Structures are given as structure tokens and as C-alpha cells.
Amino acid sequence: MSHIIHRSLAGTPPVAAAAQGIWITDANGKRYLDACGGAAVSCLGHGHPDVLAALHAQIDKLAYAHTGFFTSDAAEGLAKHLAAHAPGDLTHCYFVSGGSEAIETALKLARQYFVELGEPERTTFIARRQSYHGNTLGALAVGGNEWRRRQFAPLLMDVVRVSACNEYRDRAADESQEQYTARLLNELEQAILDAGPQTIIGFVAETVVGATSGAIPPTPGYLAGVRRLCDKYGILYIADEVMCGMGRTGTLYAFEQDGVVPDIVAMAKGLGGGYQPIGAVIASDKVLAPLRTGSGLFQHGHTYICHPTAAAAALAVQQVIQRDNLLVQVQERGAQLAALLREALGDNPFVGDIRGRGLFMGVELVRDRETKTPFDPALKLHVAIKRHCLARGLMVYPMGGTLDGRQGDHVLLAPPFIISPQQTEQVVTHLTAAIREETEKAA
Ligand code: PLP
């Protein structure tokens, strides 16, 4: 019996024994093609020699030094790299150990910004339904995934919630994309006015929604509208790019494709590519200025902030992405993946939607394509597809049946940026077979 509290208490998962490139091998010698990067983490694949060399060098030199006493070349180098490659005046970094901590940091930084400005009455965040921002209490409070929130709700802060931008599910048949986008922005503006703009700290949203909904990008103009409303009412725009950031969508930050620059950005998974646990916040000059001229202190901190070994790994990952032009690779393989998915599954009666950006693609499954009726959640179709794919040696990231009772099962693909054209074909072949067989069984 395992002494670990695993994600499911029903059993112990297979032991991952080794990994190289996009393959993971379990203790029985079975190989799995990692088409989801774990959870959109593994951007360079496993065992990248440059990252391992940087990690070894850092551990040999300095594994850890507490930030109450020191900074490190590794953390300073990573911050310099991120500042040099971020748009606008996003130049101030804070390093933590993962995505939830990055979101907590973003929320606290935003709150302190207004306290330092002499506006302590700002206590409210606006966030969206169908969102996931992490599992710590602050992150869970802004997240809209009811299944994850339900039993902890009494402990969570109140958040004003607005609709997510989910064109496939929510755009009315007689509505243009522009009208749908305008409706969402009107809803957001009304929510701001109802709550009182002077009480609101910030608007928090994933740029491309990941775990809850399967790679849903915003409609054109949606985030530009969000930016305009935040500016109009003096509210901070906080982008959660924990899953979709750091190149996954074909640009370093997904919001670059929407022509906006947020005030605060949270990132994690692809930042360190899984080589070390690391997350970060990058914030604008505007956000840092009142803290500098005010208390001179960000009232936050964890034992492992700015961890030198984690920073060294992340810096190496980010340098490889730049050096090897991997953003172009993401764009090309992403276009191939999208085309293959559409070719193989576009006519499938149980595939409602295929969407995403770059190497961040989602497939939503429906029992009835016309009415978009999901499969019965009790069937746990997404679990069946995951199992089927695993039997074929393919890792995909499924979710299902948890959102407002409306949305059905979906599969998320987020392979490492180094995936080859042949491996991309392999992913689609196996996934298509799994979807065909399992949807037919469920129908
Ligand atoms: N934000 C988003 C968009 C995520 O997808 C996740 C994790 O899946 C998180 C935050 C939380 O990150 P972590 O699991 O590293 O705490």
C-alpha cells in the first residue's frame, strides 16, 4: 500500500520510472507519448541536456539561499530574461513554487497596490465562471469551477462572477461574434457598476481557458474590451497564464495575440517545463510604483521564493525556447495538429467543437451535435477516453461534466514544443480511435 495521499484514493497510479523527449516509461517498461505535457507543463520534453547541465551547475554552486539574506545570480538572471521578453512595462518579477502561489501573489500584489494608493475600500475581485486559477483558498475563491469549490465555499472570499468567453457554448444562433463579444463586455461593465467601481481591485481571467473547458480562446476584441473597461474604471487586469503562457499558444504570452498588456501576469507550468517547481508573477511599473514610494515592501513571502535551482532550470528552459526558435515550432506543429484534428474528427457526430491556439488544443464531445447536449456525466466518458489512450500508450488531459451542468466531456492536448510531425500524426491517430470507440459505446 502506498503511504501517499494520491489524487484518487482508490488506487496507486503506475510508477514513472524514466523519461526522455516526449516519452515517459513506467516501471513495467510501458512507454507513453506525453501529448498533454502532464498538465501543459513539459514544454521541452524530458531530459533536455541544456536544462540538466544548468541544473547540475546550479546545484553544485548554490542549491538554496534564503531571500531574507540574499538574492542569487540565477533568480536575477531569470527576472532579467523575462523582463526583456515581456511586452509593455511588465518588468517586475516575483518567483514562487507553482501556479496557485503565483495567483495568490497576484491577488495580494493587486490588493496592496490599492492600499498603498490610499484606496483600502477596494476589496473585491471580478472573475469568470468556467475558470480555474488553482487550489489554494485565494485561487479557489476566484476560480469558477464549482466541483472544486463546493465543499470549501464557506472558507472562500466573495467574488463577483461574470460569464466566461465561450463562443461555442454561449453565442446565440442569431448573434454575430461581434454581438456576442459586446454582450459579454456589457455584462462585465454592468457587474463593475453594480458592485461599485471604487470597491473593485481587479479582473482575473485565463487568456485561453485551460483545465475547466479545454483550450477556449477569447473572441477577437474581447480582451481589448476588458482592457478598456479596466482602464475606464481604474481596475487592474490580472492575466492567468499559468497554463497557456510561456509559448504554449505560439507567442510567449497568449495575450500578445489579443493586442493587450495586462497589469499583472501569473505564469507557472511552462516556465520551468517541469524540471523544477516554479511559478512567477510579472507586474508593470504602474503596479510597483506605489509600493516603492509607499511602504517600500511587498507584504508577502514564502520560504522558497526565488529558489536558485528552480530559477536556473527555468532560465535554461526559456533560453532554449528563444535559441531554438521554438515559438515558430509551436505555431507550425500547432497548425498541423489543428488541421489533423479537424480532418479526423471534424465530421464525427460526437465531436462538438475543436478549438485552441498553438500546441494547446481542445476537443469537446457531445451526445447530440445539433443541440450540443453533453453525454450523461455518470458515464464518465472523459475517463474512458483517458484510459483508452493510456492503453494505447498516449497521455491526454481529459475533463468532464462539471460546469454548471451544461458542459460535457472534453480532451485537452498540450504536447511538448519539440513534438515532431510524425509524432503529431501518431497523437491524432490514437486519439481519434479512442474517441470513436468510446463515444460509440457511450451513445
Ligand atoms: N491557473 C491555471 C490557469 C491553471 O491551469 C492552474 C493549474 O492547472 C493553476 C492556476 C494552478 O497551478 P498549480 O497547479 O501549479 O498550483
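# Helix packing, overall size and a ligand shell

Helix α8 (residues 177–195) packs against helix α9 (residues 222–233) at an angle of about 25°, with the two axes 10 Å apart. The model is a predicted one.

**Exercise 1.** Are α8 and α9 roughly parallel or roughly antiparallel to each other? Describe their contact.

*Solution.* 
Step 1. Take the angle: about 25°.
Step 2. Apply the cut-off: angles under 35 degrees count as roughly parallel. Therefore α8 and α9 are roughly parallel to each other.
Step 3. α8 passes α9 in a right-handed crossing.
Step 4. List the residues in contact. α8 supplies Thr 181, Leu 184, Leu 185, Leu 188, Glu 189 and Ile 192. α9 supplies Tyr 222, Gly 225, Val 226, Leu 229 and Tyr 233.
Step 5. Sort them by class. The contact of α8 with α9 has eight nonpolar, two polar and one charged residues.

**Exercise 2.** Helix α2 (residues 49–61) and helix α12 (residues 308–323) also pack together. At what angle do α2 and α12 pack, and how far apart are their axes? Work out the relative direction.

*Solution.* 
Step 1. The angle between α2 and α12 is about 155°, and their axes lie 9 Å apart.
Step 2. Angles over 145 degrees count as roughly antiparallel. So α2 is roughly antiparallel to α12.
Step 3. The crossing of α2 past α12 is right-handed.
Step 4. From α2 come Asp 50, Val 51, Ala 54, Leu 55, Gln 58 and Ile 59. They meet Pro 308, Thr 309, Ala 312, Ala 313, Leu 315, Ala 316, Val 317 and Val 320 in α12.
Step 5. By class, the contact of α2 with α12 counts eleven nonpolar, two polar and one charged residues.

**Exercise 3.** Which residues come nearest to the ligand, and which helix gives the most to the shell around the ligand?

*Solution.* 
Step 1. Of the 15 residues around the ligand, Gly 98, Gly 99, Ser 100, Gly 134 and Val 242 come nearest.
Step 2. Helix α4 (residues 99–116) gives the most to this shell, with three residues.
Step 3. By class, the shell has seven nonpolar, six polar and two charged residues.

Terms used
Residues numbered from 1 in each chain as written. Predicted model: local features only at pLDDT ≥ 70, side-chain atom pairs only at ≥ 80, totals over all residues. Near = placed C-beta within 6 Å. Helix = DSSP H or I, 4+ residues; strand = E, 2+ residues; numbered from the N terminus. Nonpolar A, V, L, I, M, F, W, Y, C, P; charged D, E, K, R; others polar. Axes fitted to C-alpha atoms, helices over the stretch in contact; angles between N-to-C directions. Parallel < 35°, antiparallel > 145°, perpendicular 65-115°, else oblique. Left-handed = near helix turned anticlockwise from the far one by under 90°. Contact = placed C-beta atoms within 7 Å.
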